2 protein chains.
Amino acid sequence: MKLTRVLTMTGLALGLVAGTAFAAGHDGPPPAVKARLGLMANFAYNLGVLGEMAKGNTDYNADVAAVAAANLAAFSATDQSLLWTAGTDTGSISGTRALPKIWEAQADFGSKAIDLATASVALAAAAGTDLAGLQGAIGGVGAACGACHKAYREPQ
Amino acid sequence: MKLTRVLTMTGLALGLVAGTAFAAGHDGPPPAVKARLGLMANFAYNLGVLGEMAKGNTDYNADVAAVAAANLAAFSATDQSLLWTAGTDTGSISGTRALPKIWEAQADFGSKAIDLATASVALAAAAGTDLAGLQGAIGGVGAACGACHKAYREPQ
(Lines give C-alpha, C1' and ligand atoms only; values in the text may rest on other atoms or scores of the structure.)
Protein backbone atom coordinates (compact mmCIF):
# COMPACT_ATOMS: atom_id res chain seq x y z
CA MET A 1 0.00 0.00 0.00
CA LYS A 2 2.92 2.29 0.52
CA LEU A 3 3.98 1.81 -3.08
CA THR A 4 0.57 2.91 -4.26
CA ARG A 5 0.90 6.05 -2.23
CA VAL A 6 4.32 6.77 -3.67
CA LEU A 7 2.93 6.37 -7.15
CA THR A 8 -0.08 8.57 -6.54
CA MET A 9 1.77 11.37 -4.87
CA THR A 10 4.87 11.38 -7.00
CA GLY A 11 2.77 11.71 -10.10
CA LEU A 12 0.51 14.41 -8.79
CA ALA A 13 2.25 16.75 -6.53
CA LEU A 14 5.76 17.67 -7.59
CA GLY A 15 6.35 21.28 -6.76
CA LEU A 16 3.25 21.52 -4.61
CA VAL A 17 4.77 23.55 -1.82
CA ALA A 18 7.42 25.59 -3.55
CA GLY A 19 6.67 28.66 -1.46
CA THR A 20 6.81 26.78 1.78
CA ALA A 21 9.96 25.00 0.82
CA PHE A 22 11.91 28.20 0.74
CA ALA A 23 10.36 29.84 3.76
CA ALA A 24 12.81 28.44 6.28
CA GLY A 25 15.97 28.67 4.19
CA HIS A 26 18.89 30.28 5.98
CA ASP A 27 22.06 29.12 4.25
CA GLY A 28 22.95 26.55 1.66
CA PRO A 29 20.27 24.91 -0.45
CA PRO A 30 16.61 25.37 0.52
CA PRO A 31 15.19 22.93 3.07
CA ALA A 32 13.47 20.80 0.43
CA VAL A 33 16.81 20.28 -1.31
CA LYS A 34 18.60 19.55 1.95
CA ALA A 35 15.90 17.00 2.68
CA ARG A 36 16.22 15.24 -0.66
CA LEU A 37 20.01 15.22 -0.42
CA GLY A 38 19.51 13.76 3.03
CA LEU A 39 17.23 11.10 1.63
CA MET A 40 19.88 10.19 -0.95
CA ALA A 41 22.52 10.06 1.81
CA ASN A 42 20.38 7.49 3.61
CA PHE A 43 19.89 5.47 0.44
CA ALA A 44 23.64 5.55 -0.15
CA TYR A 45 24.63 4.71 3.39
CA ASN A 46 22.39 1.70 3.78
CA LEU A 47 23.19 0.44 0.31
CA GLY A 48 26.88 0.94 1.07
CA VAL A 49 26.69 -1.19 4.21
CA LEU A 50 24.95 -3.91 2.22
CA GLY A 51 27.25 -3.59 -0.79
CA GLU A 52 30.38 -4.00 1.31
CA MET A 53 28.96 -7.25 2.67
CA ALA A 54 27.82 -8.47 -0.73
CA LYS A 55 31.30 -7.91 -2.13
CA GLY A 56 32.94 -9.63 0.81
CA ASN A 57 34.71 -6.48 1.97
CA THR A 58 33.03 -6.84 5.35
CA ASP A 59 31.75 -9.98 7.06
CA TYR A 60 28.14 -10.83 6.41
CA ASN A 61 26.06 -9.97 9.47
CA ALA A 62 22.41 -10.96 9.18
CA ASP A 63 21.19 -8.49 11.80
CA VAL A 64 22.99 -5.53 10.26
CA ALA A 65 21.93 -6.55 6.77
CA ALA A 66 18.31 -6.81 7.85
CA VAL A 67 18.37 -3.38 9.48
CA ALA A 68 20.07 -1.67 6.54
CA ALA A 69 17.73 -3.27 4.02
CA ALA A 70 14.63 -2.48 6.10
CA ASN A 71 15.76 1.13 6.36
CA LEU A 72 16.39 1.32 2.64
CA ALA A 73 12.89 -0.01 2.01
CA ALA A 74 11.38 2.45 4.49
CA PHE A 75 13.23 5.43 3.06
CA SER A 76 12.43 4.53 -0.53
CA ALA A 77 8.73 4.17 0.34
CA THR A 78 8.45 7.70 1.73
CA ASP A 79 6.49 10.23 -0.26
CA GLN A 80 8.85 12.43 -2.26
CA SER A 81 6.21 14.80 -3.60
CA LEU A 82 7.20 17.66 -1.27
CA LEU A 83 10.92 17.35 -2.04
CA TRP A 84 11.06 18.16 -5.73
CA THR A 85 9.80 21.71 -5.54
CA ALA A 86 9.67 23.97 -8.60
CA GLY A 87 12.79 26.02 -9.22
CA THR A 88 15.22 23.67 -7.49
CA ASP A 89 16.98 22.18 -10.50
CA THR A 90 20.71 22.53 -11.10
CA GLY A 91 20.14 25.36 -13.56
CA SER A 92 18.26 27.42 -10.97
CA ILE A 93 20.21 26.94 -7.74
CA SER A 94 23.56 25.65 -6.55
CA GLY A 95 24.01 22.61 -4.35
CA THR A 96 22.00 20.18 -6.47
CA ARG A 97 22.63 18.01 -9.51
CA ALA A 98 18.92 17.57 -10.23
CA LEU A 99 18.35 18.05 -13.95
CA PRO A 100 15.41 20.20 -15.17
CA LYS A 101 14.21 17.11 -17.01
CA ILE A 102 12.79 15.83 -13.69
CA TRP A 103 10.03 18.41 -13.88
CA GLU A 104 9.40 17.71 -17.57
CA ALA A 105 9.04 13.95 -17.17
CA GLN A 106 7.31 13.59 -13.81
CA ALA A 107 5.52 10.34 -14.66
CA ASP A 108 8.76 8.62 -15.63
CA PHE A 109 10.58 10.11 -12.67
CA GLY A 110 7.87 8.82 -10.36
CA SER A 111 8.02 5.45 -12.04
CA LYS A 112 11.73 5.24 -11.33
CA ALA A 113 11.10 6.04 -7.67
CA ILE A 114 8.65 3.15 -7.59
CA ASP A 115 11.24 0.88 -9.21
CA LEU A 116 13.59 1.69 -6.33
CA ALA A 117 10.91 1.08 -3.72
CA THR A 118 9.99 -2.24 -5.34
CA ALA A 119 13.59 -3.43 -5.55
CA SER A 120 14.18 -2.33 -1.96
CA VAL A 121 11.24 -4.36 -0.71
CA ALA A 122 12.67 -7.41 -2.47
CA LEU A 123 16.08 -6.74 -0.94
CA ALA A 124 14.57 -6.31 2.53
CA ALA A 125 12.91 -9.71 2.17
CA ALA A 126 16.21 -11.41 1.31
CA ALA A 127 19.09 -9.51 2.90
CA GLY A 128 18.72 -10.89 6.43
CA THR A 129 18.45 -14.52 5.34
CA ASP A 130 21.97 -15.21 4.19
CA LEU A 131 24.76 -13.79 2.06
CA ALA A 132 23.45 -15.44 -1.09
CA GLY A 133 20.06 -13.85 -0.54
CA LEU A 134 21.67 -10.45 -0.13
CA GLN A 135 23.84 -10.93 -3.19
CA GLY A 136 20.90 -12.05 -5.28
CA ALA A 137 18.71 -9.05 -4.50
CA ILE A 138 21.11 -6.13 -4.20
CA GLY A 139 21.63 -5.76 -7.93
CA GLY A 140 18.04 -4.72 -8.45
CA VAL A 141 18.48 -1.80 -6.08
CA GLY A 142 21.73 -0.72 -7.70
CA ALA A 143 20.09 -0.85 -11.11
CA ALA A 144 17.19 1.30 -9.90
CA CYS A 145 19.58 3.90 -8.45
CA GLY A 146 21.61 3.92 -11.64
CA ALA A 147 18.65 4.24 -13.98
CA CYS A 148 17.37 7.33 -12.20
CA HIS A 149 20.78 8.95 -11.85
CA LYS A 150 21.60 8.34 -15.50
CA ALA A 151 18.41 10.04 -16.63
CA TYR A 152 17.98 12.78 -14.07
CA ARG A 153 21.25 13.62 -12.32
CA GLU A 154 23.82 15.95 -13.76
CA PRO A 155 27.15 14.16 -14.36
CA GLN A 156 29.98 15.37 -12.14
CA MET B 1 5.49 -2.81 15.81
CA LYS B 2 7.90 -0.38 14.29
CA LEU B 3 8.28 1.38 17.63
CA THR B 4 9.27 -1.87 19.26
CA ARG B 5 11.90 -2.39 16.65
CA VAL B 6 13.28 1.11 17.17
CA LEU B 7 13.49 0.49 20.89
CA THR B 8 15.20 -2.86 20.51
CA MET B 9 17.75 -1.77 18.00
CA THR B 10 18.53 1.62 19.42
CA GLY B 11 19.27 0.07 22.76
CA LEU B 12 21.36 -2.74 21.40
CA ALA B 13 23.35 -1.75 18.48
CA LEU B 14 24.84 1.73 18.62
CA GLY B 15 28.25 1.63 17.04
CA LEU B 16 27.71 -1.80 15.56
CA VAL B 17 29.24 -1.10 12.20
CA ALA B 18 31.86 1.50 12.95
CA GLY B 19 34.33 -0.03 10.53
CA THR B 20 31.86 -0.25 7.72
CA ALA B 21 30.64 3.25 8.30
CA PHE B 22 33.99 4.70 7.42
CA ALA B 23 34.80 2.43 4.53
CA ALA B 24 33.11 4.53 1.87
CA GLY B 25 34.07 7.96 3.17
CA HIS B 26 35.56 10.24 0.55
CA ASP B 27 35.13 13.80 1.74
CA GLY B 28 33.25 15.52 4.53
CA PRO B 29 31.83 13.54 7.41
CA PRO B 30 31.71 9.74 7.16
CA PRO B 31 28.65 8.23 5.44
CA ALA B 32 26.96 7.34 8.73
CA VAL B 33 27.15 10.96 9.81
CA LYS B 34 25.94 12.23 6.44
CA ALA B 35 23.04 9.82 6.77
CA ARG B 36 22.05 10.98 10.25
CA LEU B 37 22.35 14.64 9.23
CA GLY B 38 20.17 13.71 6.28
CA LEU B 39 17.64 12.12 8.59
CA MET B 40 17.56 15.29 10.69
CA ALA B 41 17.12 17.37 7.51
CA ASN B 42 14.04 15.32 6.69
CA PHE B 43 12.68 15.70 10.21
CA ALA B 44 13.25 19.45 9.99
CA TYR B 45 11.79 19.87 6.53
CA ASN B 46 8.56 18.03 7.19
CA LEU B 47 8.13 19.64 10.60
CA GLY B 48 8.85 23.01 8.98
CA VAL B 49 6.09 22.55 6.41
CA LEU B 50 3.69 21.60 9.19
CA GLY B 51 4.85 24.34 11.53
CA GLU B 52 4.32 27.06 8.95
CA MET B 53 0.73 25.87 8.53
CA ALA B 54 0.15 25.56 12.27
CA LYS B 55 1.32 29.14 12.78
CA GLY B 56 -0.81 30.43 9.92
CA ASN B 57 2.18 31.51 7.87
CA THR B 58 0.97 29.30 5.02
CA ASP B 59 -2.56 28.17 4.24
CA TYR B 60 -3.60 24.89 5.76
CA ASN B 61 -3.61 22.17 3.10
CA ALA B 62 -4.88 18.82 4.32
CA ASP B 63 -3.14 16.80 1.60
CA VAL B 64 0.24 18.43 2.15
CA ALA B 65 -0.13 18.19 5.92
CA ALA B 66 -0.97 14.51 5.68
CA VAL B 67 2.03 13.78 3.47
CA ALA B 68 4.47 15.74 5.62
CA ALA B 69 3.22 14.14 8.83
CA ALA B 70 3.24 10.65 7.34
CA ASN B 71 6.81 11.20 6.18
CA LEU B 72 7.83 12.46 9.60
CA ALA B 73 6.33 9.35 11.17
CA ALA B 74 8.06 7.09 8.66
CA PHE B 75 11.44 8.75 9.09
CA SER B 76 11.22 8.75 12.87
CA ALA B 77 10.33 5.05 12.88
CA THR B 78 13.45 4.04 10.94
CA ASP B 79 16.12 2.14 12.79
CA GLN B 80 18.92 4.51 13.82
CA SER B 81 21.24 1.85 15.20
CA LEU B 82 23.64 1.99 12.24
CA LEU B 83 23.86 5.77 12.27
CA TRP B 84 25.43 6.47 15.64
CA THR B 85 28.72 4.73 15.06
CA ALA B 86 31.53 4.85 17.59
CA GLY B 87 33.98 7.72 17.18
CA THR B 88 31.57 10.09 15.44
CA ASP B 89 30.92 12.56 18.25
CA THR B 90 31.76 16.25 18.00
CA GLY B 91 34.97 15.75 19.96
CA SER B 92 36.24 13.17 17.47
CA ILE B 93 35.32 14.54 14.06
CA SER B 94 34.13 17.76 12.47
CA GLY B 95 30.77 18.21 10.81
CA THR B 96 28.65 17.00 13.72
CA ARG B 97 27.22 18.45 16.92
CA ALA B 98 26.56 15.02 18.44
CA LEU B 99 27.76 15.09 22.06
CA PRO B 100 29.81 12.16 23.43
CA LYS B 101 27.07 11.75 26.01
CA ILE B 102 25.00 9.95 23.36
CA TRP B 103 27.27 6.94 23.64
CA GLU B 104 27.28 7.09 27.44
CA ALA B 105 23.51 7.20 27.83
CA GLN B 106 22.29 4.95 25.04
CA ALA B 107 19.13 3.81 26.81
CA ASP B 108 17.97 7.37 27.40
CA PHE B 109 19.00 8.41 23.90
CA GLY B 110 16.99 5.52 22.48
CA SER B 111 14.07 6.44 24.69
CA LYS B 112 14.09 9.96 23.29
CA ALA B 113 14.05 8.56 19.75
CA ILE B 114 10.97 6.56 20.69
CA ASP B 115 9.35 9.70 22.12
CA LEU B 116 9.78 11.35 18.74
CA ALA B 117 8.38 8.34 16.89
CA THR B 118 5.40 8.20 19.24
CA ALA B 119 4.63 11.91 18.93
CA SER B 120 5.02 11.67 15.15
CA VAL B 121 2.49 8.86 14.93
CA ALA B 122 0.03 11.01 16.89
CA LEU B 123 0.70 13.94 14.59
CA ALA B 124 0.24 11.78 11.50
CA ALA B 125 -3.15 10.70 12.81
CA ALA B 126 -4.30 14.30 13.25
CA ALA B 127 -2.49 16.54 10.78
CA GLY B 128 -4.60 15.74 7.73
CA THR B 129 -7.93 16.16 9.49
CA ASP B 130 -8.02 19.89 9.99
CA LEU B 131 -5.94 22.81 11.21
CA ALA B 132 -7.01 22.34 14.81
CA GLY B 133 -5.88 18.72 14.68
CA LEU B 134 -2.52 19.74 13.34
CA GLN B 135 -2.15 22.49 15.92
CA GLY B 136 -3.08 20.16 18.74
CA ALA B 137 -0.55 17.48 17.88
CA ILE B 138 2.48 19.34 16.56
CA GLY B 139 3.65 20.49 19.97
CA GLY B 140 4.43 16.95 21.02
CA VAL B 141 6.82 16.53 18.12
CA GLY B 142 8.52 19.83 18.80
CA ALA B 143 8.95 18.89 22.43
CA ALA B 144 10.50 15.55 21.49
CA CYS B 145 12.95 17.24 19.13
CA GLY B 146 13.86 19.80 21.75
CA ALA B 147 14.35 17.30 24.56
CA CYS B 148 16.87 15.31 22.55
CA HIS B 149 18.69 18.34 21.21
CA LYS B 150 18.94 19.89 24.65
CA ALA B 151 20.53 16.76 26.09
CA TYR B 152 22.62 15.47 23.21
CA ARG B 153 23.39 18.24 20.71
CA GLU B 154 26.22 20.69 21.15
CA PRO B 155 24.95 24.29 21.37
CA GLN B 156 25.93 26.48 18.43
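This is a predicted model: local features need pLDDT of at least 70, side-chain atom pairs count only at pLDDT 80 or more; totals for chains, interfaces and linings use all residues.

Axes are lines fitted to C-alpha atoms, for helices over the stretch in contact, and angles run from 0 to 180 degrees between N-to-C directions.

| Helix pair | Angle between axes | Distance between axes |
|---|---|---|
| H4 (residues 62-76) and H6 (residues 106-126) of chain B | about 155 degrees | 8 Å |
| H6 (residues 106-126) and H7 (residues 131-152) of chain A | roughly 165 degrees | within 8 Å |

Because angles over 145 degrees count as roughly antiparallel, H4(B) is described as roughly antiparallel to H6(B). H4(B) passes H6(B) in a left-handed crossing, and the residues that make this contact include B:Ala69, B:Leu72 and B:Ala73 of H4(B) as well as B:Leu116, B:Ser120 and B:Leu123 of H6(B). Sorted by class, this contact has 9 nonpolar and 2 polar residues, with no charged ones.

In chain A, H6(A) and H7(A) are likewise roughly antiparallel to each other, and H6(A) passes H7(A) in a left-handed crossing. Among the residues that meet here are A:Asp108, A:Lys112 and A:Leu123 in H6(A) and A:Gly133, A:Ile138 and A:Tyr152 in H7(A). The contact of H6(A) with H7(A) has 16 nonpolar, 3 polar and 3 charged residues.

Which residues of the largest nonpolar core touch the most other members? Of its 78 residues, they are A:Leu50, A:Leu123, B:Leu50 and B:Leu123. When neighbours within four places in sequence are left aside, B:Leu50 is in contact with residues including B:Ala69, B:Leu72 and B:Leu123.

How values were computed: Residues are numbered from 1 along each chain as its sequence is written. Chains are lettered from A and ligands numbered from 1 in the order in which they are written. Side-chain values use heavy atoms; hydrogens and water are left out. Helices (H or I, at least four residues) and strands (E, at least two) are DSSP runs, numbered from the N terminus. Angles under 35 degrees count as roughly parallel, over 145 as roughly antiparallel, 65 to 115 as roughly perpendicular and the rest as oblique. A crossing is left-handed if the near helix is turned anticlockwise from the far one by less than a right angle, and right-handed if clockwise. Contact means heavy atoms within 4.5 Å. Ala, Val, Leu, Ile, Met, Phe, Trp, Tyr, Cys and Pro count as nonpolar, Asp, Glu, Lys and Arg as charged, and the others, Gly among them, as polar. A nonpolar core is a set of buried Ala, Val, Leu, Ile, Met, Phe, Trp, Tyr and Cys residues joined through side-chain atoms within 4.5 Å. Buried means under 20% relative accessible area, exposed over 50%, partly exposed in between (1.4 Å probe, protein chains only).
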